[in-house]
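Trainee: I keep running into labels on this model, and I'd like to know what stands behind them. Can we go through a few?

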Amino acid sequence: MLEDRTAEASSPTQWPAAYPKGYAVVDVETTGLARDDRIISAAVYRLDARGEVEDHWYTLVNPERDPGPVWIHGLTSDVLEGAPLFQNIAEEFSARLEGRVLVAHNAVFDWQMIAREYARAEREAPVRQRLCTIALSKELALPLPNHKLESLAAHFGVVQQRAHHALDDARVLAEAFRPSLRAAASQSIRLPLHECRPLTEWTDRAVPRQQGSSVGGGYGGYSSYRPTSWRPARKRPACPYPNPGRYEEGKPLKQGMRVAFSGDTSTERDLLEDRAIEAGLHVATSISRLTSLLVTNDPDSGTSKVVKARQYGTPVVDEAAFGQLLGNVAPASED
């Protein structure tokens, strides 16, 4: 760690009273990115209020299925066979998370994977808030070439030893988070904390373990590994209101408007979409000239939806602004 790197590594004498009292820096490796994928290893670094390491913990987890992209995480079926099941480590995991803000790089992914594992085990993760270090680096306006963990680590002089190993990734993130936290405190920046809503019920879709020969030896094939989003497609009722056109800044949303989403959201995406539907909006899965509004927390991401929104002149707002607009949606009959 470079303690004299600039103000980012300084420790302010006046610490913001509203900042959390402790953090749990988490990294999980998984069988893939889909809703029904599983955690295969987890690491937690517990930090105090100012980001100093208190202790760390690491475990393998038997996913009871194909391990997925072994070429990334290096954990084969043979390695994981004797590992504990998630329900057997859930209590210890909870003890590491209890009363702390969960910190992760792309935190919405780690949180969703953890919440789903707890739901499968018929338990509830003791996490009420999370902090994404990508969002924090944006708040600090760090001059990073991209939002990869390796770029954040390099900025603070943290050396990665085993990329995509949960324990080392958590260590790297903890060491990069400490100067980020101090920089935020010295500038009195409000931390980008988001609410975590644990799942209360879960139904697994069957994912058969693959048999037979495979690349790399010793584990099943990868037909169950899908490098796509971790959200399942859902059938939704048709919107009963006609599309009144595009959203105009300063005016309320109106029932029937077509709203699309792009990228990660702090609120579970399905829940956010359900709220939009309940308000009388049409949730669109793609962007067209008829789209009223695009909701994204990263308008510079370059995703196909963001690019098309620019081409069509579709208005773009972030999740926070959309949440406020949802509180005052005008009826379809209103002029």
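Trainee: Why is Ser188 called exposed?

Mentor: This is a predicted model, so everything here is computed from it. Ser188 has a relative accessible area of 61%. The label exposed is for values over 50%, so Ser188 counts as exposed.

Trainee: Where does Ser188 sit, and what stands out about its phi?

Mentor: Ser188 is in the loop that links helix H7 (166–186) to strand E6 (193–195). Its phi is positive, about 55 degrees, although Ser188 is not a glycine. Most residues other than glycine have a negative phi.

Trainee: Which other residue other than glycine has a positive phi?

Mentor: Asn106 is one, with phi near 65 degrees. You'll find Asn106 in the loop between strand E4 (101–104) and helix H4 (107–120).

Trainee: What makes Asn106 partly exposed?

Mentor: Its relative accessible area is 23%. Buried needs a value under 20% and exposed one over 50%, so Asn106 falls in between and is partly exposed. Lys251 goes the same way: its value is 46%, so Lys251 is partly exposed. Lys251 lies in the loop between E6 and strand E7 (258–262).

Trainee: And how do you know that Thr133 is buried?

Mentor: Thr133 comes out at 3% relative accessibility. Thr133 belongs to helix H5 (residues 133–139). Leaving out residues up to four places away in sequence, Thr133 touches Val103, Ala104, His105, Leu152, Leu173 and Phe177. For the protein as a whole, 50% of the 335 residues count as buried.

Trainee: Why say that the buried residues of H3 line one face?

Mentor: The buried residues in H3 are Phe86, Ile89, Ala90, Phe93, Ser94, Arg96 and Leu97. Looking down the axis of H3, they fall within an arc of 160 degrees, so they line one face of the helix. Asn88 and Glu91, on the other side of H3, are exposed. The buried residues of H3 pack against E1, E2, E3, E4 and H4.

Trainee: Why is H3 called oblique to H4?

Mentor: H3 and H4 pack at an angle of about 125 degrees, with their axes 10 Å apart. Perpendicular runs from 65 to 115 degrees and antiparallel starts over 145, so H3 is oblique to H4. On the H3 side, the contact is made by Phe86, Ala90, Phe93, Ser94 and Leu97; H4 brings Ile114, Glu117 and Tyr118.

Trainee: Last one: which strands stand at the edges of the four-strand sheet?

Mentor: That open sheet has the order E8-E7-E9-E10, with parallel pairing. Strand E8 (282–284) and strand E10 (316–317) are its edge strands, as each pairs on one side only. Further in, four bridges join E7 to strand E9 (residues 293–296), and Val259 stands opposite Leu293 in E9. Helix H9 (residues 304–312) lies across E7, E9 and E10, at about 140 degrees to E9. Helix H10 (residues 319–326) also packs on this sheet, touching E7, E9 and E10, and its direction makes about 125 degrees with that of E9.

Conventions: Residues are numbered from 1 along each chain as its sequence is written. This is a predicted model: local features need pLDDT of at least 70, side-chain atom pairs count only at pLDDT 80 or more; totals for chains, interfaces and linings use all residues. Side-chain values use heavy atoms; hydrogens and water are left out. Helices (H or I, at least four residues) and strands (E, at least two) are DSSP runs, numbered from the N terminus. Buried means under 20% relative accessible area, exposed over 50%, partly exposed in between (1.4 Å probe, protein chains only). The arc is that of the directions from the helix axis to the C-beta atoms. Contact means heavy atoms within 4.5 Å. Axes are lines fitted to C-alpha atoms, for helices over the stretch in contact, and angles run from 0 to 180 degrees between N-to-C directions. Angles under 35 degrees count as roughly parallel, over 145 as roughly antiparallel, 65 to 115 as roughly perpendicular and the rest as oblique. Two strands pair if DSSP finds at least two bridges between them.
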